[in-house]
Amino acid sequence: MNKQNKSGLYNCPECDNAIQTDKVIKIGTIIECAACGTESEFMAVYPPKLVPLEEEK
Ligand SMILES: [Zn+2]
């Protein structure tokens, strides 16, 4: 089976909420989870790997 994220759905690494985006996904693309507000950066595209951004305080 060739499963691709053509729908633009990804899972938040923090809360596992499904994040939908129509952004072009590439390494470094940042998307924000609507449920918990975490911004995550793509460290890999295929398979997609999202890493939450740490905010400096
Ligand atoms: Zn989340």
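Two points on conventions. The model is predicted, so local features need pLDDT of at least 70 and side-chain atom pairs count only at pLDDT 80 or more, while totals for chains, interfaces and linings use all residues. Numbering starts from 1 along each chain, as its sequence is written.

Start with the overall picture. The protein chain has zero helices and five strands. Here helices are DSSP runs of H or I with at least four residues, strands are runs of E with at least two, and numbering goes from the N terminus. Along the sequence, the pattern reads β-β-β-β-β.

Now burial. Of the 57 residues in the protein chain, 11% are buried. Buried means 20 or more other C-beta atoms within 10 Å of the residue's own; exposed means 12 or fewer; partly exposed is in between; and C-beta atoms are placed from the backbone.

Next, contacts. Take those between residues at least 6 apart in sequence: 17% join residues at least 24 apart. A contact is two C-beta atoms, placed from the backbone, within 7 Å.

On to the sheet. Which order do the strands take? It is an open sheet of three strands, β3-β4-β5, with antiparallel pairing. β3 (30-32) and β5 are the edges; each has a single partner strand, so one side of each lacks a neighbour in the sheet. From one strand to the next, the twist averages 40°. That angle is taken between N-to-C directions, on a scale from 0 to 180 degrees, with axes as lines fitted to C-alpha atoms. Pairing of two strands requires at least two bridges from DSSP.

Zoom in on β4 and β5. Strand β4 (residues 39-44) and strand β5 (residues 49-52) run antiparallel, joined by four bridges. A hairpin of four residues connects β4 to β5. Across the pair, Phe42 is opposite Leu50 in β5. Ala44 is opposite Lys49 in β5.

Last stop, Lys26. This residue sits in the loop between β2 (18-20) and β3. Is Lys26 buried or exposed? Lys26 is exposed, because 8 other C-beta atoms lie within 10 Å. Leaving out residues up to four places away in sequence, Lys26 touches Phe42 and Val45. Lys26 and Phe42 are 16 residues apart along the chain, and their C-alpha atoms are separated by 6.8 Å. So much for the tour.
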